[in-house]
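Please open the model and keep the sequence beside it. The notes below go point by point.

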Amino acid sequence: MMLPKNPQRVYLAVGHTDMRKAINGLSIMVEQAMALNPFSGDLFVFCNRTRTIIKILYWDRNGFCLWHKRLEKHRFKWPMVPDEVVTIGASQLNWLLAGLDFTSAHEQLYYSAVA
C-alpha cells in the first residue's frame with residue numbers, strides 16, 4: 001500500500017460520495033463541506049453509496065495523492081453516524097480497508113496519573 005505510514009489524522013467523510021470526483025472535486029469537498037485543510041498531510045477517506053469503493057486523498061509535500069480501492073465482492077464496514085466527519089486512527093483505517101468493523105474495537109483510554 002502506498003499510503004503514509006504514520007498519518008497524523010484520518011478523517012472519514014461519513015455518508016456517500018460521488019466517486020466520479022477526482023483530486024480537484026475531493027479537495028474542494030475537504031475544504032468546503034468538511035471545513036478542513038486539504039494541504040495538512042492528513043488522510044481524507046471517502047466511500048460510495050454501495051460501500052464497494054473507497055478513495056483516500058492526501059497532500060504529499062509537493063502534490064496531491066489519490067488512493068483508490070474497489071471491492072469485487074463484499075462491502076466496506078462504513079460508519080453510519082449522524083456526524084459529517086469522523087476521526088479515526090491509522091490502525092482503524094487498516095482494519096476498515098481489511099474489511100473489519102473498526103467501531104467495535106476496544107476504546108483507547110487516557111490517564112493523567114497512576115494513583
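Which residue takes a positive phi near 60° in the hairpin of β2 and β3? Arg-51 does, and the hairpin has 5 residues between the strands.

1. Ground rules. This is a predicted model: local features need pLDDT of at least 70, side-chain atom pairs count only at pLDDT 80 or more, and totals for chains, interfaces and linings use all residues. Residues are numbered from 1 along each chain as its sequence is written, and side-chain values use heavy atoms, with hydrogens and water left out. Helices (H or I, at least four residues) and strands (E, at least two) are DSSP runs, numbered from the N terminus.

2. Strand β2 and its partners. Two strands pair if DSSP finds at least two bridges between them. β2 pairs with strand β1 (residues 10–13) in the parallel sense, over 3 bridges. Here Leu-12 has Val-45 of β2 as its bridge partner. The chain runs from β1 through α1 to β2, and this β-α-β crossover is right-handed. That label applies if, with the strands pointing away from the viewer, the path from the first strand over the helix to the second runs clockwise. With strand β3 (residues 53–59), β2 pairs in the antiparallel sense, over 4 bridges. Val-45 has Ile-56 as its bridge partner in β3.

3. Burial of β2. Buried means under 20% relative accessible area, exposed over 50%, and partly exposed in between (1.4 Å probe, protein chains only). In β2, 5 of the 5 residues are buried, so the strand is largely enclosed by the rest of the structure. In a regular strand, side chains alternate between the two faces of the sheet. Both faces of β2 are covered. Leu-43, Val-45 and Cys-47 are buried on one side, and Phe-44 and Phe-46 on the other.

4. The cores. A nonpolar core is a set of buried Ala, Val, Leu, Ile, Met, Phe, Trp, Tyr and Cys residues joined through side-chain atoms within 4.5 Å. The largest one has 19 residues. Leu-12, Val-45 and Ile-56 are among those with the most contacts inside it. β1, β2, β3, β5 (85–88) and α2 (90–97) each give two or more residues to this core. A second, separate core has 11 residues, including Met-34 and Phe-46. Contact means heavy atoms within 4.5 Å. Beyond its neighbours within four places in sequence, Leu-12 is in contact with Met-34, Trp-78 and Phe-102, among others.

5. Aromatic rings. Rings of Phe, Tyr and Trp (its six-membered ring) pair if their centres lie within 6.5 Å; planes under 30 degrees apart count as stacked, over 60 as edge-to-face and the rest as tilted. The count is 4 aromatic pairs. Phe-39 and Phe-64 form a tilted pair, 5.3 Å centre to centre with 40° between the planes. Phe-39 lies in the loop between α1 (23–32) and β2 (43–47) and Phe-64 in strand β4 (residues 64–70), so the pair ties together parts 25 residues apart in sequence. Trp-59 and Phe-64 have ring centres 4.9 Å apart and planes at 80°, so this pair is edge-to-face. Phe-39, Trp-59 and Phe-64 form one aromatic cluster. Phe-39 is partly exposed at 45%, Trp-59 at 25% and Phe-64 at 23%.

6. Cysteines. How many disulfides are there? The count is 0, where a disulfide is a pair of cysteine sulfur atoms within 2.5 Å. Cys-47 is buried at 0% relative accessibility, whereas Cys-65 is partly exposed at 22%.
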